[in-house]
Amino acid sequence: MKTTTIAVLSAAVLLGGLAPLAVRADATAVSANQTATVPIATQDTKTFNLNPAIQKQYGGATFTLKSLSASPETTEFVLARHVPDGIAKEVDEQLMKMSYLVTDDNGWIYEYQKAKEQFQEQPDGSFVPHYTENVKPLQGKPKELTIRPYVGGWYDDTSTMFSDKANVTATLTGQYPLTLDQGKIGSVSVTGVDFGKDKTVLKLAIAGETASVQKTGTWLVQNGKRLDYIRNELVGVKDGVYQYELEFPAVDPTAQLEVLTKRMTPVTFMKELEMKVQLPQ
């Protein structure tokens, strides 16, 4: 078994969970059908297990989608990933930093839940890394899911991802929308704030396919203290604009309140590795 290379964490993943790993390992060729899906029949179209065997290649690396499953609690995909020794340095660096965006044919983005990577032994005795990622449950009745690898979405600072140099802040005055410029990746708009006895809900609107990355680096600040959100949820999408709700602890509406976000680098989608899966209806 070869050496495992741990990926650099993106700004979004740092706040949401584990980053994917780029791994080198010996692997045998996997036969693949680019379009075939083999569903396990159920009465509920929101609960299924597909074995697409979709295979993609990029710069000498091979990615095979082994399974895609859904339940009322989660949507899960498993990728077998072979990154051979001797691969070009620039390709290796991209794969190390790669994350995944899962969308459907209705434009919905499925938020990250968790991820893991394990080695599985093959019949010839070699070991192939299998990356498993869980995202939110299916929304409505989509016909197709797309798994979109990407790089980018880092905090836009030359020294460290946690540096205040990447900060963008704006004072909440009750006038909405309040738009904050996130630099090369785009902007985020605060469309309202709900003040409750036990929680505060910050409402955001973000245009474009990188919305889930952009909202991750956003916080509420009370009297100069950054508050971590308890819940963040996509609640709607219309004409390519995504509506999010970020729930924070209750605050004093008369306190000095600000929104803090980050300038970010742009996102580059790796089209060569994009995988589309038809879902049972």
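## A tour of the aromatic rings

Start by selecting Trp-219 and Arg-226: the charged end of Arg-226 sits over the ring of Trp-219, 4.3 Å from its centre. Here a charge sits over a ring if NZ of Lys or CZ of Arg is within 6 Å of the ring centre and within 35 degrees of the ring normal. Next, pick Arg-148 and Phe-269, where Arg-148 lies over the ring face at 3.9 Å from the ring centre.

A word on what you are viewing: this is a predicted model, in which local features need pLDDT of at least 70, side-chain atom pairs count only at pLDDT 80 or more, and totals for chains, interfaces and linings use all residues. Residues are numbered from 1 along each chain as its sequence is written, and side-chain values use heavy atoms, with hydrogens and water left out.

Now for rings that meet rings. Rings of Phe, Tyr and Trp (its six-membered ring) pair if their centres lie within 6.5 Å; planes under 30 degrees apart count as stacked, over 60 as edge-to-face and the rest as tilted. That rule gives five aromatic pairs.

Select Phe-77 and Tyr-100, an edge-to-face pair with 5.7 Å centre to centre and 65 degrees between the planes. Phe-77 is in strand β6 (residues 75-82) and Tyr-100 in strand β7 (residues 99-104), 23 residues apart; strands are DSSP runs (E, at least two residues), numbered from the N terminus. Both residues are buried, meaning under 20% relative accessible area (1.4 Å probe, protein chains only).

Finally, show Phe-77, Tyr-100 and Tyr-131 together: ring pairs link them into a cluster.

Terms used
Helices (H or I, at least four residues) and strands (E, at least two) are DSSP runs, numbered from the N terminus. Buried means under 20% relative accessible area, exposed over 50%, partly exposed in between (1.4 Å probe, protein chains only).
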